[in-house]
Structures are given as structure tokens and as C-alpha cells.
Amino acid sequence: MNKLLLSLLSILFFSFSGCKKEKAINIKDVNIIPKPVELKTGIGNFELTENTTLFVGRFDNLQNRFLEEIKMETGFQLKPTDKVKNNCIDIQLVENLAEEEYRLLVTKKRITIKSSASAGAYYALQTIKQLIPVDANESKVYAVPAVEISDKPQFAWRGYMLDVSRHFFGKEKIKEVLDFMAELKLNRFHWHLTDDQGWRIEIKKYPKLTEVGAWRVDYTITDESLNDWWGRPLQKVGEEATYGGFYTQEDIKEIIAYAKERHIEILPEIDVPGHSKEILASYPEFSCEPNRQFYVATGGVLGDNALCASNPDTYKFLEDVLGEVMDLFPLNYIHIGGDECNKSGWKHHNQCQNFIKEKDLKNEHGLQSYLIKQVEKMVNAKGKNLIGWNEILEGGLAPNATVMSWQGEKGGIVAAKAGHNVIMTPMEYNYLDLKQGQSESEPNIGYSEALLSTCYNYKVIPEGLNEEEADRIMGIQGNLWTESISDWSKVTYMTFPRLFAVAENAWTSENAQSFDDFVERLQAQLRKMDAKGIRYAKSAFNPWIHQKGNGKSIEITLESELTSPEIRYTLDGSEPTENSMLYSAPFTLTETKTIKAAIFKNGKRLGDIIENTFPIHKAAGAKVVYNHPFSAGDKAAKELALTDLNYGQIEVDGDKNWQGFYDDFDVIIELDHPTDIEEVVINTLRLTIFGIYPPMQIEVYGSIDGKTFTKLGDTDLSDKALIHGRNRIVNKIPCSGSGLIKIRVKAKLIDLIPEGHHKVGDKAYLKIDEIVIL
């Protein structure tokens, strides 16, 4: 039966169904992600019941998948049959469709799937599962709407990466990853198996990699208000390494088989020559300092973590290890990392410097290129191809290498123009460990920002490529690095809903994409996640609260990444409802208020209630005299900078509402009139990865004559000052004073950043946004 005849029959069926006055399917009620290439709706539904049969025809390998996955959705199992009849799912083998392409026709009597390969039929199953209504498990009516779908992917590589080195997740959790990937028609699982903080795969020839390299001293925190990855204490002599784990080779084989059933290939990553502290802890002979005691890193590492690139034994080690890995994984690619390789050890190692001269290499970048090219020969000798992060371009790219471009698009563009295949995964769009909402409203996991809309609207094919070069873009993937993601609920929170956006960007052509349409379809999928108890971020459905002070009042602006959102808010401390004030334009606060805001649609709240309090305090607009200078380039408006009612965000690049100080803090606030005070509140920023710390101590003095100052209060912050992390520190100092005309605030900075911290030896930096006088 050709396509034209099939279409005519479906039209006739829908027409006859219409005569029975059955309900026409509204296309807005069909919430498939990723969006299909072609979708037509009909009339009525096919109802899945315990009597529904399954005819797999020549797709015997799919029978178990259909039986198991439909049972997971409905609670009952289809009945296999060798004959197509009514109330049946019929899978037909046809010619001339691509491997992952499928046709799906749902009528009242039957579901028909056509494909030329099992992958296409399996993706049709995922579409059927998404067509089942959200409330089906409550109503126990599993009605699949009448549709006709023609579908195939835009890109061959549609991936998701999970870092299991920074935090280990066992094989059952990896199977959960594969399950949710399959549901979104993703087909490449990038498994980041090794890094400074842990080696996660059994290697028979080098047992210490898992005996030693898989374990570190446990400094794990689960508190989502803290983030101390960069600057955790180093392992000390005698400390026991208890945190970690690894996969046996039997585990790996089991997971590979599980993935294969779901038409997912697994890309293993063994990250070398940098990011290798766990290797050096296991086998220090592969370092440039073989007599040194190395430890598996407890947190972030930038230096002293590279293999010795001039040692012949290093290359033998890599050949052995990569050989075992490649023998395990059937995919014709292996990822060897190649990123962020700290080359300082090579620069100061006589043997490496002599090796550079001997091999006529230009510099340390050339040495890394030499190593990568040798590794590629090992990989190619096993009939496989090498993938590396875009740093493998440094010093010259290996002949057959594929580049995974993460530092923006530039590396991918350069590689494509040079004739190499490319997988696009630029961090500002596809790094799922970046925060996904306004920093103040997000848990303190991740950093920077990659919104759902940003992720969705990424154009995979960069501008400036011709047709031949564009064809070298294999696809995209979303990457989840787990430095601050210590448990499974954080994994799902950071993954969803952005992985839906990655999946649609990978499957659906750019000209068929619409963020507004995507958001509508997404809400149905999120309700299914609610029903399953899966944690996800509601950030895209939360309002953003922006403020701009002028020393007297604060202008408030509410916005969202959604188009024309219905934002409701309150100023009286109550929670907003569908009847609360509707935001339409910026408004002004002239007294301290707590704003609570949320987005509504059709009378229902979509996301969370976002709350923020903006103090308009007794020193608002007062002149500030600086006894010690502040750093240039931070906050402008000099004399009012700390009293202008502008409050800083935790992590916003270039936020000028934070004023910086390298010297001890000492300012005098000149009040307009004699003032009684009870408390001074000073907000300081903690971003220890950049050397920004709260002070050790704060003192407050008051003067009634403008000349003589009396101490009103102080606070000792030494217990807080040296804690690592990235967050706001609110310092409240009780201060009782009457008739004051001047207030002096002094703060003692950390002198030099101590051992065990990321910026050890540097001078600490203080950032303050406002001195609030109450």
C-alpha cells in the first residue's frame, strides 16, 4: 500500500468517524516532544486496553520493548499475536525509509507503525507513549488520539552527557538515564567516566585505577545553599578515602546491552592527558614527578594533573587502557577528553622540554598535539575514531579526529572548515550544569546561566559554513557536569526541562521550531513528571524581579522568558493568586516592601512564588566618605554607591551593584538629620573561586557631633570568612544609637588566602552592595 493510498484511507476513516459525531482531535492537545516533521489530527481515539494485541511482524526484537514500556505506562500488558486485527498495534516493515524514520497512523480501530528498521519503530513507540493523556492513570482510560505522523530526525547525533567522576551514580541510575533519553529519542549517551575526582571503570591490567583512583576523602555537601567545590581541603596523609565507586566490566556490558535495546549507543570518555589526578594517585610513575605522593582530588583542580607526555610508559599505559575500553564498547568512537590540560608541569620538566626539541615541536601546545595524534593512532588501529573537546585543536588537530565544541562555536567552525566532523555543545547553550533562572531564585547548584529559552533557541549550524562544511555538523548534545550535583534529585533538577529543548533542537528542523509552541507542549510532559515524582526546575515559569534604586526609591520591573506572561504579585506579604495585582508596567517602592510574584495561566499558577524584600532604609541616599579607596570598575556613583538602594545579584557577570575593596573597609555615612538606629545590615558576596571572601570582622561606630565616634556593635565572622562557596552573606549587627549624624563602618579583610583554597597566596577581595541602616 503506497503512501497516497494510505492517506486516502485515513481521510475516509476520519470522515466516517465524523458521521458518528465523535470528537475531533485538537492539534493543540497533541503534546509530542520532539515535534514531529508532519502531524495531522483526525477524529476519535484508539483505546489501549488489556485486550489490545501486538503484531510485530518481522520486528521480533521489538516485542519485549513494546510489552514492557506499554505496561509501564498503563499497568497492563499487550497480547502478542500473529495476525493483524482490530484493537491491535500493527508494526509493518517497509522499504525506502531511513533507519530512524517512521510513519504512525492512529485510528479508532488500530495503530499502524511503518518503518524500515527497528529504530524507527521504537521511536514510534515513544510517540505513542507521549500521546497517552496525562491523567490516564487516574481515569484508567488510555486513549491515544487519532493522528497521522511522518517523522525523522534532523541530526544523527542526539546526545546527553553525564559526568560520573565528580559524583558516582550506580548502574541502576544509569539505566534511568537511558530510559529518559529513549523517551526523548536521544541516541548517544556520553559517559564521562574519568576525571581528577575519580576513575569509574574497571581496567584489568591496571587494578589500582579502581582500588585507589575510584575513591577520595569525603567532603561532600548536600546543602543547596552552599557550593564549595573550588577550594575543598586537600587529602592529608593518613586520611581515609571512602567516597566513590566504579563499574565492573560486567556492569558495563549490562548497561551497554540495556542501551542497545533502546537504540542508544554509549560514548565512553577517558579524559587525558589533563584531568588525570586520579591516574597519578594510582600510578605516580606516569607523572612528571614520579616520586611525589598524589591524591585523588576532593574538589576542583586546575594544576598538577597532567600525565607526563615525554614518558614512553605513558603511551603504553594509554594504549592498554584505551584498548580495554574500546574492546568493551561497540560504538566506533571513543572520547579522550583533551580539555583544560594544565601544561605547567611540562614547561618546568627538563625531559618534556628536551622531548619538544627532539620531536621538533613548537611548544607545550605542540606536545599535547603530539600526544593526541599518538592516541589517535592507537584508536584507529582498533578500527575506531577519536573524539575530543575543542582544545585538541591546540597545536594541530589529529588527522581523523572529531571535535566536540564546548567553548562556544569557534572550535566547531574551525574544525568543520578543516574537514573534520563536529558535535556542537557550546556551554552557554548546552551545559545543563549552568543555572536556569534568576540567580537569587535558584538553588546554589551550578553557576553562570543557561535558560530554557536560550537552550531551545540555539541554532545548531553556525553561520559562516558552506553546505559541505555544514554537513560535517553531526548534531548536538546536552552536558551535565556534576561538581555541585551530589545526588539524583539534583541530576533531574538540572537536566529537566532543558533536555526536552536539546532533544527538540536535535530532532526537529530549525524552521519548524517555536519556543512558544514548545512551552505549550512541554507543560503536559512536566505534568507527567509530577505524576512520577521526578524533580525538575520550574525556572522558566518563574518571574524575574529586577530593581533599580536612586537613593530615594526603587523601581521594580517584573519579567519572564515566556512571551506575554500573566504575572500576578502582592506587596503585603500574602501569596499571590489569580486575583492578585496584574503586572503591566514598572512600579515604584517608596518604603520597604516584600514582593511576592508568580506566573498564572487560566487561573492556575505555572511555577513557583518568587519573593524578595527591598529595604528602603534610614541612610538611603546618604553621602558616603571612603577612608580607604575602593577598586575602580566596580560600582559607580561614588558618594552614594553603598546607600543608593541598588542590591546586587549573586552571580551576574558585570553586576556593578557590588563595590569591591582590596584594602580593609572603612567608610563614614553622613546622615541628613539626627537618626536613631537599631541595626546595621551589610550584604557581602562570597565567590571564593575568584578570591572574593566576606570579611573577618565588622565594627560599627556612631557619632552625634560628627567628630567623636563611639563603638555601637561588632560581629566576628572568622568562622564564616574562610568557608568556600558562592553565595550572599547577610551580616546583621545589632547597634543601638540615638541622635546619630554619622555612622562609621569598618571591616577587616582576610590578608592572604590560605592553603587549601583555590586562590592560595592571593590577596582576598571584598564586595559589598549596600549598607542598610535600620
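This is a predicted model: local features need pLDDT of at least 70, side-chain atom pairs count only at pLDDT 80 or more; totals for chains, interfaces and linings use all residues.
Trainee: Which side chain meets that of Arg-103 in a salt bridge?

Mentor: A salt bridge is a side-chain nitrogen of Lys or Arg within 4 Å of a carboxyl oxygen of Asp or Glu. Here the partner of Arg-103 is Glu-101, at 2.9 Å from N to O, and Glu-101 also counts as buried, because its relative accessibility is 9%. The structure holds 47 salt bridges.

Trainee: Which parts does the salt bridge between Glu-483 and Arg-166 tie together?

Mentor: The closest N and O atoms of Glu-483 and Arg-166 are 3.5 Å apart. Glu-483 lies in the loop between β19 (473-480) and α17 (488-495), and Arg-166 in the loop between β8 (157-163) and α5 (171-183), so the pair ties together parts that are 317 residues apart in sequence. These element names follow DSSP runs numbered from the N terminus, helices being H or I with at least four residues and strands E with at least two. Arg-166 is buried, with a relative accessible area of 5%.

Mentor: For another case, take Glu-469 and Lys-417, whose closest N and O atoms are 3.3 Å apart. Glu-469 belongs to helix α16 (residues 467-470) and Lys-417 to helix α13 (residues 410-417), so this pair ties together parts that are 52 residues apart in sequence. Glu-469 is buried at 11% relative accessible area, while Lys-417 is partly exposed at 46%.

Trainee: What is the strand order of the open sheet of 7 strands?

Mentor: In general, strands of a sheet pair through backbone hydrogen bonds, either parallel or antiparallel; two strands are taken to pair if DSSP finds at least two bridges between them. In this open sheet the order is β1-β7-β5-β6-β4-β2-β3, with mixed pairing, and the edge strands, each pairing on one side only, are β1 (38-48) and β3 (79-80). Strand β2 (residues 53-55) runs parallel to strand β4 (residues 88-93), to which 3 bridges join it; Leu-54 has Ile-89 in β4 as its bridge partner.

Trainee: What does helix α2 touch in the sheet?

Mentor: Contact means heavy atoms within 4.5 Å, and helix α2 (residues 63-74) packs on the sheet by touching β1, β2, β3, β4, β6 (110-115) and β7 (142-151). Angles run from 0 to 180 degrees between N-to-C directions, the axes being lines fitted to C-alpha atoms, for helices over the stretch in contact; the direction of α2 makes about 150° with that of β2. Helix α3 (residues 118-131) lies across β4, β5 (102-106), β6 and β7, at about 40° to β5.

Trainee: How many residues of helix α18 are buried?

Mentor: Helix α18 (residues 498-507) is mostly covered, with 10 of its 10 residues buried; Arg-498, Glu-504 and Trp-507 are among them. In α5, the buried residues include Lys-175, Phe-180 and Met-181, and the buried residues of this helix pack against α3, β8, β9 (188-192), α7 (249-261), α17 and α18.

Trainee: Where do cis peptide bonds and positive phi values occur?

Mentor: Most residues other than glycine have a negative phi, and most peptide bonds are trans. A cis peptide bond joins Ile-33 and Pro-34, with omega about 5°, and another runs from Phe-496 to Pro-497, with omega near 10°; Pro-497 lies in the loop between α17 and α18. Ser-564 has a positive phi near 50° and counts as exposed, because its relative accessibility is 71%. Leu-645 has a positive phi of about 70° and lies in the loop between β28 (623-626) and β29 (659-661), where Leu-645 is buried, with a relative accessible area of 0%.

Notes: Residues are numbered from 1 along each chain as its sequence is written. Side-chain values use heavy atoms; hydrogens and water are left out. Buried means under 20% relative accessible area, exposed over 50%, partly exposed in between (1.4 Å probe, protein chains only).
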